[in-house]
Amino acid sequence: MEVRPFARRDREQLARLVNAHVAVVLPGAYVPPATLLNDLEHPLGEYIIGPWVTDLATFVATERDRVVAAAHLRRYGDDARVSDSYRDVGEVVWLLCWPNHLDAGRAVLDTATGQLESWGVREHYANGTLPCPAVYGVSDSWPHVRALYEEAGFDAGDAHVEVVLAGLTAGVDPPGPAPIAGLSLRRRLGTLGTAFDAVLDGEAVGMVEVDDDLTRGGTNLGAVGWADVCNHRVREDMRRQGIGSWLVRSAVEWLRLGGASRLLAYASEDEHLADTMRYAARFGLHPVNRTTRGFDRTPGRN
Ligand SMILES: CC(C)(COP(=O)(O)OP(=O)(O)OC[C@H]1O[C@@H](n2cnc3c(N)ncnc32)[C@H](O)[C@@H]1OP(=O)(O)O)[C@@H](O)C(=O)NCCC(=O)NCCS
């Protein structure tokens with residue numbers, strides 16, 4: 001087994017390893033090799049943290065010329081434009097290995113943490129973020145990755161757990177008439193995508209946002225047909241009158257018109273999770289993934 005820096009000739013094999021991990025999180029999704037390569041070289045698609053990156057490194061472990069494990073690292077700057085939580089941090093953005101090649105995974109992580117140590121950053125993060133919708137954190141479907149992180153001293157103590165929900169737009173009922181007299185629908189550009197407001201007496205009493213270009217302008221065709229649903233809320237005193245459901249159904253009707261066939265939504269594993277899941281099930285959205293973000297460790301202690 002050999003651990004070495006990633007070379008362009010590895011890209012097809014690396015994409016195979018990446019996409020095996022993607023497919024177990026989101027059915028049918030994949031990262032094209034060119035998209036993967038771009039992300040390794042310029043993570044600018046992530047418009048918030050991308051510009052903070054000062055160094056990048058990717059390592060692969062090969063056995064008889066086959067890429068069986070890999071890790072991608074970023075170092076974030078220590079100047080004032082970087083947020084407190086990322087300032088002077090080094091991150092294993094993802095660590096992947098075939099589960100029957102754990103030794104290679106361990107070896108590549110060892111090289112990766114050595115690189116983080118040599119950067120001299122104040123904190124090490126570990127993640128599982130791939131350039132594909134819904135693939136972030138350390139998925140419960142990747143127990144081999146979690147085990148390697150824990151073995152290397154990454155701790156999920158302050159971690160945040162999220163549940164990813166998915167379903168078909170075809171299963172969502174049409175919105176029907178507004179549930180309250182005088183309520184109207186307004187569509188506008190929101191903070192993440194297309195926003196729908198439920199407007200009563202000139203005031204928005206509820207909203208939902210959808211993003212139906214998860215291919216990012218066609219640069220990631222592995223996400224064709226998927227749409228995100230987010231930023232959904234109804235004013236507290238207006239709840240339980242059908243406004244929320246009417247908003248979601250109206251947004252989904254719009255998505256169907258554009259050809260989106262599948263929906264994604266995200267929920268935190270907190271005290272509202274059971275309510276949220278019951279509500280989401282009305283729209284045929286069911287959990288497909290549970291993922292943990294926030295693995296970290298202090299340098300020099302391992
Ligand atoms: C979820 C939410 C948008 C629903 O809006 P709404 O106008 O009350 O929706 P509807 O009237 O169509 O449906 C109400 C159902 O939502 C359920 N619900 C789901 N999450 C809820 C929550 N956090 N608080 C209250 N009710 C919730 C209720 O149990 C209710 O079901 P029931 O009538 O069978 O008891 C609204 O409760 C809300 O803003 N919650 C806080 C934000 C949030 O949780 N957003 C993410 C949702 S995926």
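How far apart do the C-alpha centres of domain 1 and domain 2 lie? In this predicted model, the C-alpha centres of the two domains are 31 Å apart. The domain assignment places residues 2-162 together with 291-297 in domain 1, and residues 173-283 in domain 2. Where the domains touch, 13 residues of domain 1 and 14 residues of domain 2 take part in the contact. On the side of domain 1 that touches domain 2, strand 7 (residues 160-168) gives the largest share, with 3 residues. That side of domain 1 is made up of 9 nonpolar residues, 3 polar residues and 1 charged residue.

**The protein as a whole**

The protein contains 6 helices and 14 strands. Its radius of gyration is 21 Å, which is close to the 19 Å that the globule rule gives for 302 residues, and therefore the protein is as compact as a globular protein of that length. Taken along the principal axes, the box that its C-alpha atoms fill is roughly 70 × 35 × 30 Å. Of the 302 residues, 39% count as buried. If we consider the contacts between residues at least 6 apart in sequence, 69% of them join residues that are at least 24 apart.

**Helix 2 and its two sides**

Helix 2 covers residues 33-41, and within this helix T35, L36 and D39 are buried. Seen down the axis of helix 2, the buried residues fall within an arc of 100 degrees, so they line one face of the helix. The face turned away from this buried side carries A34 and E41, which are exposed. Helix 1 (11-23) is included in what covers the buried residues of helix 2.

Helix 1 is also the place of A20, a residue that counts as partly exposed because it has 13 C-beta neighbours inside 10 Å. Between A20 and G176 there are 156 residues of separation in sequence, and their C-alpha atoms are 41 Å apart in space.

**The surroundings of the ligand**

Which residues come nearest to the ligand? There are 16 residues around the ligand, and those that come nearest are R233, R239, G244, S245 and Y279. By class, this shell has 5 nonpolar, 7 polar and 4 charged residues. Strand 11 (226-234), helix 5 (243-257) and helix 6 (273-281) each supply at least two residues of the shell, and the largest share, 4 residues, comes from helix 6.

**Two loop residues with positive phi**

D88 is found in the loop between strand 3 (66-76) and strand 4 (89-97), while R240 has its place in the loop between strand 11 and helix 5. Phi of D88 has a positive value, near 60 degrees, in a residue other than glycine. For R240, also a residue other than glycine, phi is positive as well, with a value near 65 degrees. D88 counts as partly exposed because 17 C-beta neighbours lie inside 10 Å, whereas R240, with 7 such neighbours inside 10 Å, counts as exposed.

| Residue | C-beta neighbours inside 10 Å | Class |
|---|---|---|
| A20 | 13 neighbours | partly exposed |
| D88 | 17 neighbours | partly exposed |
| R240 | 7 neighbours | exposed |

Note on methods
Residues numbered from 1 in each chain as written. Predicted model: local features only at pLDDT ≥ 70, side-chain atom pairs only at ≥ 80, totals over all residues. Buried ≥ 20, exposed ≤ 12 C-beta atoms within 10 Å, placed from the backbone. Arc of directions from axis to C-beta. Contact = placed C-beta atoms within 7 Å. Near = placed C-beta within 6 Å. Nonpolar A, V, L, I, M, F, W, Y, C, P; charged D, E, K, R; others polar. Rg over C-alpha atoms; globule rule 2.2 N^0.38 Å. Domains from an automatic or database assignment.
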